[in-house]
Every structure is written in C-alpha cells, then in structure tokens.
Amino acid sequence: MIGEHTVGDTVFFRGHGTLEIDPATIVPVLHRLRDRGYSFLASVHGVDYYPHEPRLGVHYELLDMGRVDRVTVKLRVPTDAPEVDSVTPDRAAPGGGVLAGWPTANHQEREVYDMFGVVFRDHPDLRRILMPEDYEGHPQRRDFPIGGEPVAFTYNDTPSLGPPR
Amino acid sequence: MLRSYLPAIVFLILGGAVGGAFTLLNAALGPSRGVAHKQDPYECGLPSEVKRGLRFGISFYLIAMLFILFDIEVVFLYPIATELRAYGTYAMVETIVFIVLLFVAFVYVWRRGALQWR
Amino acid sequence: MAVSRQPLGPAGPGGPAGEGGPLRIRELSSRQLLRGGEIVGRTPSAHPEGADFERYVEERVLTTTLDRAVAWARSNSFFPATFGLACCAIEMMSIVAARVDVARFGFEAFRASPRQADLLILSGRVSIKMAPVVRRIYDQMLEPKWAISMGACCSSMGVFNNYALVPSDKFMPIDVHVPGCPPRPEALMHGILRLRKMVQEDPELGWRERYGAQGTEEIVPDETAGRGA
Amino acid sequence: MSSTEEPTTLSAYRRQEQSITLAPVEEQIRSDVGGASDEASHELLTLNIGPHHPATHGVLRLLVTLQGEVVRDIKPIIGYVHTGIEKTAEDKSYWKAIPVVERMDYLSYFFNAMAYCGAVETLLDVEIPPRAQYLRVIHLEFNRIMSHLVWLGTSALDLGAISMFWYCFREREAILDLFELSTGQRMHTRYIQVGGVAEDIPRGFAEKLRKFTDAMPTRADQYGDLLNKNEIVLQRLRNTCPLDAQKLLELGVTGPLLRAAGNPWDLRKAAPYSSYDHFDFKIPVGTVGDNYDRFAVRLAEIYESTRIIEQALAGLPEGPYITTDRKVALPPRHELATSMEALIHHFKLVTEGFRVPPGEVYHPIESPRGELGCFVRSDGSSKPARVHMRDPSFVNLQATSHMAEGAYIADLIATLAMLDPVLGGIDR
C-alpha cells in the first residue's frame, strides 16, 4: 500500500514532473493519481538503464485532460526478478467492489514484456506481440547485439552496439 | 426441324472449343512445378487448418437458394422482353402472372424474416 | 528483323496489278502470291523472283517461334500481386494512379490472391516474422512467376540493418531489384519494364535456374560469424 | 533460412493463440436464436484475416472467430513488419536518427520527425525561430491532408467506391510535387531538423501552394458529393460499430476516432506547440461515434488543414529558417571559408554530432491518427540512449475488438478502414 517511502525520487525537468516509485505499489499509485484527475494513461514503455542497477525501467505517462497536465510515473526492476503488477485488469478494491483497470495498457505491457522481459503479473494475455512467438531473448536490451547482415566490403566497421563506453 | 437449331449448336461447339483450347494450352505450355505448400489452401499466407470437409452454417445455403430463385426469374424475363411485340398480349399476360406469382413468394420470404441474416 | 514501313499502294516493289486497282483484285493477288500461283492480269516484270520474292514475302509475314510468341503474350500482361508491406507500398499504389499509369502497359489488374497473380512486387521491409508468409505466398503462386523486390529494405535491408529484417534474396529468387527508399513510381515502372524486356528477350532467364532455386544465400565470409554473436 | 514449419508445431501455436472462451458466446446465441437451432447454425469457424489481405491496410493479422457472417471474437496479431527502429535509433547520433525515426509511420513522416525533433529540442532547451515554426506547420498540415487522402482513397476502395482512389491520388501527387519543390524528396523527406528546417522554401513555392489551397476545398467537395449521397456507402457506414467516448478514453484512443465520439480532444488546441495558437481553425467533432462520424470528421479535417496552411503562408515571418545556435545547427557554407569557429563547429557536428545534456523527455504532438508522443532519454553522449514512439495506431488498434464484436464481417472491414491503422507505426 502507499506508505511514506513509496515515492523514491521526484524529478522536475523541462517543466515536466516524474515520480519514481517502489515497483510493488504501482497499482495503488495509479489509482490515487486517477482520483486526483490524471485519468488518461497515454503510454507505457520500457527503458534499459544499462550501467545503473536496477536495470529495467517501466514508465507510465499520465495525462489530466481537464487541466491539460502530464506526469510520468517511473519504476525500476532488476533483471533477475523483473516482476511488476499489471495495470490492465480490474482489481478487487480493499473495501469490496471493483477498481477499474486501464485496458489501454494491454498491448503496451505485452510490448514491454516482449522487448525488455519485464513480466507483468496477472496480465490477461501476456505473450510476445512484436517478435515471433518462439523467439529467444529480448531485443531492446542494451546488451542484445543489434545483429543484421555483416557488411561484406568494409573491414573497419564499428563493433556491434554493446554497452555505451 | 434441326436447321433452326443450327446456330445454337455451332455456338455451343465453338464455345466448347475455345474454352478447351485455353485449358489445354495452359496445361501444355505452362511449366508447372510441384513446390511445397503449392496445393495447400490459401489463408492470407498462413498455414490453413481448413480441411476438405469444411461445414458451413445453414444460413449461407438459405441465402444461396433465394438468390438463385430470383435470379432465374430475371433470366426468364430477358427472352420475353426481346420478342414481346411479336408474341402479342398473350405473352404480356403470361409474364404478369409469372411475376405476380414470384412476388407472392418474395413477400412470404420477406415476412418470414429469411432475408435477415441469422 | 527490321520490318520496313511500306505504303501498300502502287509504289510497292514491281507494282501490283494496275494503278489503284479495286481492293478486291489486290487482295486476290496477294493471296495467290503467298500460294506462289500465277497472278491474274499482272505484268510479268511485276512478279518478283527468287531473293526479291523472298524479301517481298518476309516484309509482310511475321515469323516467330512458339516460345517467343508466348513470352510476348506473358510479358505484356503481368498480373501483379498486391503485396504492400510498408512505405514502398504507398509508392506502389501511386503507380496505379493517374500520373504514372501502369495500365498503359497492361499491368493494372492488381490481384489479391496468389492464384491469379504471376508477378510478386515485394514492396517494403520483410521482417523475420513475415518471411515464411512471403515464401509461402511465392510458392502458392502459379507458374510462370516472377518477383520484383522494390526498395532498399527488401533488397538489402536498406536503412535498417538489424535483428528484425531479412533481405528477400535470402529466402526467395528475385528477378529485378528496384533501388530507392522509397523508389519513385517511375523507378518501379522502369523496373517492371526492365522485367518485361528480360522476359521478352529470353523466356528462359539464365542467371539462376529460375524454378529450381530453393534458398539463394550469398556466400557469407565465415570469420564474421564470431562478431556480435 | 528454413521457411516451411511443420504443420504439427504450428497448430500447437494456433491452439496457444486460441484462448477464446466461447461459453458466454454460446448462451448469448442460444438466447437470441430461441433455442430451436440445430448444431450447425452456430458452428464457430476461426479464420485468419491475415498478413496478406487487401482489406487490412498493411500486414495486420486478425484471428477472427466467425459464427456464419457474424464476428464473435477478434484477436489482432501484429509484428509482421517489425523493423527494430527504436533499437536502430540507439545506434545512431541524434541528427542521424531522424531518417530512421521518419520511416516508422510511413503515411505521416513529417509528424514522426516533428515529435522526435521536438523531444530533442526540449532536451537541448534550444529556441526555434518563428519562421521555422511556420514552415513546419505548413508541411505538417500538408502531410495531414496527404495522409487523409490516402486513407480516403483506400477506405472507399474497401467499401466498393473504386473511383475515389484515382481522385484522392490525384491530389496526393499535387502535394508530393510541393514536397519535392521545398524538400527535394516525395516521401521521408528529412525536412524537419533539430533546431528548425533543412532549407528555406524556394521562390516559386508560395504561388504553387496558393494554387493548391484554392483548388483543394472544391476537390474535397467532390469527394463529399461522391460519397455522402451514395446510398451503399451510407448503409455501410451509418450506425455500424459505434463506441462511446468513455470506453474510447479507457482504451487510450485519441485522434479522429475520439473526436468522432464527441470528445473534442486535439493537442493542437489543448497544448499548442510550434505556434499552432497563432492560427484560427476549428476541430470537427462527431456525435454518435459510428463509422460515418469517423469518416465525416476526417473529411472535415481536410478543409481545416487547408485553412491553416493559408493562414500560415499569409503570416510567414522573415528571419532564419533554423536556430542560429552553432552548437546544434550547421553553420552556412559561405561562413566556412572565412571564420575559424564556423569550421570547428562544422567539423564537430559532422563527425560526432552534438551532445545532449542527460535527461528524459516525452514530447506528444497531434498526428493524423491521434497523439504521437516521442520519449527520448539521453545519457549525455551524442547518441540517444532510448527512443520510444507512442504510436496512436498501436493503441487505437486495441479498440477494434470492442467495436466489431457481434457485427458482420462487412462491418468489420468498414471499421478497419475507418480505424486507419498504419502498420509501420504499429510494429515500429
């Protein structure tokens, strides 16, 4: 639940606020922000902060259509335990009744799972969405080689992407 | 008696000959190569699981029957329409009876709701 | 074989029967001429002999082999299969539009199903998930079939040389590669006309035994296998 | 690359996909059929309206479960044109990533470049000269008209009005001529740079543009006359597959689909960027939210975009067409011969590219299909650490199953046409 150490870090950069929160409390935080007015979930996308641990980040862009204000909720999960609660399904509210989820996050969470390997608990249909079903590896991680055809005619081509030096 | 049917017979023979020629020419000239998946049913580029004995819903059959019924009705009207003046009022009355009969069938089908897809 | 344009009128070699004789007589004489019979009412000098006669016939009769005739018929009536993958598909659509009208050459009947198409224009980037589908559709097309790979992404993975794309040469035989990203409609038209000329000149395209080509991998130098594995 | 999968593993793949529970569907059929139906009438058939299909506007695959003509369940399966653009952009320096990002949503390439450059400019905190903003607005609105024209041409094709295709592509060719005049290329022009635009418009551009904007409204009237009085098109579009605004907002749908349902949310009015607040234009809004409203909203937007272009051309300010900050924009060529600093800046920009202060920015703009937001994270080097495009079609696609379940196949094809999905943007 939302305690005093839920929000790890807040950043105000170029007129846009970002909250970094503890991954376990993502659903209550989004419900609280929705009650506060940020009802539209614009985007859910993953980021690989390669050299810094914990490595895999998931960003939730929220938009308040009334006051036309945007806020980003960010959470970081390590690669060995990339588990996060999914925001798509409707959840049972603590005092009975149902808290509506965000159906828009369905495909977007599947893309983050497919590209970064972040597993979203009790997501209705967590499968790969962009890569073939039987593909190994998560391509958008920084240490996944960019692959492609070796250029046949130059011998001084820059080494594959790999981590930024 | 046969003479008056000669044009129709010539027409049939010529039609059959041209149709046959095209198919035979295709088979003779066109190179054919039994590549894998060539005979599989085409389902937008994916392996299809529609086997030979695919069972369609009954509603398709109903729609097909209705179409044939009213289409043949129109086909019969063509020859009458071209020679109506030659046949005189007898053909006129005959056609009207024919159309009214089918119109009754149409109203019945319509009220029974067979035209709505179910 | 240069067919020289010759007025059919009296100025023809040896001058057929009479100045501007009625058409019937001229028809009659050319038919008899082809059968080599004596032409009624022609002056003897008007009757061409030997080589002159050969040339006279040759100018009026188009001799060809069955293969070349069939190739001429096929090459002038490609039925392209609409295979719009990505941005090149938009430019492929605009060759059907009014400005670069592909109907002038008889290719505007874009067929959706591979059974009725004999030219596969691969317009766009082929991803690894799409490659088996493209190969299956190419297999399901009826013979004789040709393939044009339109745009850089399809020919050589163009702008994106990464894990997600496959150059179309890797899994199917391609006849014409159209460069560009996206190629202008005129460029694609040039590619189609180039394929038309290739089919007309030599129905049995030689450089790759067309119908037998399974996968056509280039020779990948083995020492790069270690890089980026 | 072996391409022939054995059928056995594939049907397992199909079984895994077919997690369709048909129990609710069974009672619903039994209730409205009245129970006196034999087994065959509600026999369900799962088919692929698959990657190679004329009506899917690209390589979208819909796993559709049909009961006769009625669609019972839709599962969109995408990824057939996934090009790993976001991964490729991480390998390029900031100003080299523009051509890669531009090829995502291939019908609105100016908008991709605008979203990406907007994000990078916010990171750099560089100020865009007013002339560059006006030039950007002119080209963005031209691209919106062109995108709507291609949508109108292909959607009318799906509904059977084949002649619309030739009318719409006639205007598209006129617009592409203008693009060629000002940017040098028909598609993927890379005209929008970080800091402004690549080139100033040539002399003859204004007259040609005015000639086009005078003719465009009458041309758009022709489209309206052709389709609005066509009984077949009206029957196919009127109150088919409606979806109310509240459900659309939950699904994250933005753009003409949301405006057709009555919610006038448009980023050009809500959060004006690149001097959109200087122009007066209206936002067409529908009432019912069915397929006809989606069609009418986009057709009306063509008129509004033409008016914006006229006002932008009339008020085009003088001044530089790209920022004068040498750290970001290349110095003009003639300066290279004289000043040493220009040479150093030029060399620095061309070899390594400019460095961007570390930070994360999400920059949303209004593309022809909805909110197109570009998230850029920079780690201080000259290559972006992460580029993500929130593509409107990717999110709007989730609404197809809510719209078309229970409708006929013909309505599904019309809904797909009115959804205007562009698979390049969906699969990135």
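Q: What pLDDT does chain D average in this predicted model?
A: Let's start with confidence, since this is a predicted model. In chain D, 90% of the residues score at least 70. The chain D average is a pLDDT of 89.

Q: In which helix of chain D is confidence highest?
A: Confidence in chain D is lowest in helix H1 (residues 7-17), at a mean of 48. At the other end of the scale, with a mean of 96, is H13(D).

Q: How many contacts beyond four places in sequence does the model have for residues 1-10 of chain D?
A: Over residues 1-10 of chain D the pLDDT stays under 50. Where pLDDT is low, the predicted coordinates should not be read in detail. With that caution, the number of such contacts for residues 1-10 of chain D is 15.

Q: Are H13(D) and H18(D) roughly parallel or roughly antiparallel to each other?
A: Helix H13 (residues 291-314) and helix H18 (residues 409-419) of chain D pack with their axes 10 Å apart, at an angle of about 25 degrees. Angles under 35 degrees count as roughly parallel. H13(D) and H18(D) are therefore roughly parallel.

Q: Which residues of H18(D) make the contact with H13(D)?
A: H13(D) passes H18(D) in a left-handed crossing. From H13(D), the contact is made by Asn291(D), Arg294(D) and Phe295(D). By class, the contact has 3 nonpolar, 2 polar and 1 charged residues. On the side of H18(D), the residues are Ala414(D), Thr415(D) and Met418(D).

Q: How many residues on the side of chain D that touches chain A are charged?
A: Here 36 residues of chain D are in contact with 28 residues of chain A. Elements of chain D that each supply at least two residues include strand S6 (359-367), strand S7 (370-378) and strand S8 (384-390). On this side of chain D, 13 residues are nonpolar and 11 are polar, and the number of charged ones is 12.

Q: Which element gives the most to the side of chain D that touches chain C?
A: Turning to chain C, 32 residues of chain D are in contact with 36 residues of chain C. The elements of chain D giving two or more residues are H3, helix H4 (97-102) and helix H7 (163-183). This side of chain D divides into 15 nonpolar, 10 polar and 7 charged residues. The element that gives the most, with 5 residues, is H7(D).

Q: Is Gly160(D) buried or exposed?
A: Gly160(D) is found in the loop between helix H6 (130-158) and H7 of chain D. Its C-alpha atom is separated by 42 Å from that of Arg203(D), 43 residues apart along the chain. Because Gly160(D) has 11 C-beta neighbours inside 10 Å, Gly160(D) counts as exposed.

Q: With which residues is Ile80(B) in contact, leaving aside its neighbours within four places in sequence?
A: Ile80(B) lies in helix H2 (residues 58-87) of chain B. With 14 C-beta neighbours inside 10 Å, Ile80(B) counts as partly exposed. Beyond those sequence neighbours, its contacts are Ala91(B) and Thr95(B).

Q: What is the mean pLDDT of chain C?
A: In chain C, 67% of the residues reach 70 or more. The pLDDT is below 50 over residues 39-45 of chain C, and also over residues 217-229 of chain C. The mean for chain C is 75.

Q: What ipTM does the predictor give the complex?
A: For the complex, the predictor gives a pTM of 0.85. The ipTM is 0.85.

Methods:
Residues are numbered from 1 along each chain as its sequence is written. Chains are lettered from A and ligands numbered from 1 in the order in which they are written. This is a predicted model: local features need pLDDT of at least 70, side-chain atom pairs count only at pLDDT 80 or more; totals for chains, interfaces and linings use all residues. Axes are lines fitted to C-alpha atoms, for helices over the stretch in contact, and angles run from 0 to 180 degrees between N-to-C directions. Helices (H or I, at least four residues) and strands (E, at least two) are DSSP runs, numbered from the N terminus. Angles under 35 degrees count as roughly parallel, over 145 as roughly antiparallel, 65 to 115 as roughly perpendicular and the rest as oblique. A crossing is left-handed if the near helix is turned anticlockwise from the far one by less than a right angle, and right-handed if clockwise. Two residues are in contact if their C-beta atoms, placed from the backbone, lie within 7 Å. Ala, Val, Leu, Ile, Met, Phe, Trp, Tyr, Cys and Pro count as nonpolar, Asp, Glu, Lys and Arg as charged, and the others, Gly among them, as polar. pLDDT is the predictor's confidence in each residue, from 0 to 100. A residue is buried if 20 or more other C-beta atoms lie within 10 Å of its own, exposed if 12 or fewer, and partly exposed in between; C-beta atoms are placed from the backbone.
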